[in-house]
Amino acid sequence: MSGRTTVLKPPEGAMAPVRHPDAPAPGELLGAHYDQCFGCGEQSGGLRLRVRAGEGVGLTAEFTVDAAHQGAPGLAHGGVLTAALDETLGSLNWLQRVIAVTGRLETDFVRPVPVGTVLHLEARVTAVHGRKIYCAATGRIGGPEGPVAVRAEALFIEVRVDHFIKNGRSEEINAALADPDQVKVARAFEVNP
Ligand SMILES: CCCCCCCCCC(=O)SCCNC(=O)CCNC(=O)[C@H](O)C(C)(C)COP(=O)(O)OP(=O)(O)OC[C@H]1O[C@@H](n2cnc3c(N)ncnc32)[C@H](O)[C@@H]1OP(=O)(O)O
């Protein structure tokens, strides 16, 4: 049983999403957008999500649930699973070459996910309306074609890179601005017309 709030329904006039001509090729592994990211960075306790570009404005990802991700004994914490969905959906930015942040995300928890499970995630943009990006994701267990354990719909809102510079703590912002690799990632998104 699931019901969605109406803000997750694309309004009349919403457009089909457009894959950017410079988007990574289908099958290409996407790097971390930020090495300290809880979702795609390498730090211990993080999700260490591995994301691959798919066809169109879609992608796949894998997340291995480890002991640091437990809620109940031997089971993944729901918030961690939501974080994996959020990160997977956020990675769609790479395919459109826009920077967007989560405005709203609704998750259905369909099956418990034991520690040691590889969660096979799939996400796609469903529609775009101005700065609003509508998207959906699923997470399956037992293989990429296995049963759905979690699914989400979300609304991302496009922002400028200034969003992070204005709002982030200065220590991390200054370190990121001094890192040529990080600046390169930001530029790739900023050139979007
Ligand atoms: C390379 C980068 C890779 C990034 C990867 C991301 C990884 C994972 C993704 C995340 O977790 S991002 C972190 C979690 N999200 C945030 O921290 C966002 C915090 N919220 C904000 O900063 C602002 O609320 C936000 C930028 C989302 C919107 O503020 P704005 O002032 O820019 O927009 P505004 O409030 O004018 O809203 C623009 C439109 O979006 C709609 N909107 C905004 N927030 C909404 C919301 N929460 N629910 C529904 N609609 C929303 C709003 O109604 C309006 O619709 P209309 O254009 O039709 O009037």
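Visitor: Which helices and strands each supply at least two residues of the lining of the largest pocket?
Guide: α1 (78-90), α2 (93-96), β4 (100-109), α3 (162-167), α4 (170-177) and α5 (180-190) each do, where helices (H or I, at least four residues) and strands (E, at least two) are DSSP runs numbered from the N terminus. This is a predicted model, in which local features need pLDDT of at least 70 and side-chain atom pairs pLDDT 80 or more, while totals for chains, interfaces and linings use all residues. Residues are numbered from 1 along each chain as its sequence is written, and side-chain values use heavy atoms, without hydrogens and water.

Visitor: Which helix gives the largest share of that lining?
Guide: α5, with 7 residues. The lining has 36 residues, and those nearest the pocket's centre are His 33, Tyr 34, Ile 99, Phe 164 and Gln 182.

Visitor: Why is Glu 55 called exposed?
Guide: Exposed means over 50% relative accessible area (buried is under 20%, partly exposed in between; 1.4 Å probe, protein chains only). Glu 55 has 65%, so it counts as exposed. Glu 55 sits in the loop between β2 (50-53) and β3 (58-64).

Visitor: What is Glu 55 in contact with, leaving aside neighbours within four places in sequence?
Guide: Arg 19 and Pro 26, contact being heavy atoms within 4.5 Å.

Visitor: What makes β1 and β4 edge strands?
Guide: The open sheet of 7 strands runs β1-β2-β3-β5-β6-β7-β4, with antiparallel pairing. β1 (29-30) and β4 each have a single partner strand, so one side of each has no neighbour in the sheet.

Visitor: How do you know that β3 and β5 pair?
Guide: Pairing requires at least two DSSP bridges between two strands. β3 and β5 (residues 118-129) have 7, in the antiparallel sense, so they pair.

Notes. On a 1 Å grid over the protein atoms alone, a cavity is a set of points where a 1.4 Å probe fits but cannot get out, and a pocket is an open set with protein on both sides within 12 Å along at least five of seven lines; lining residues have an atom within 4 Å of a point.
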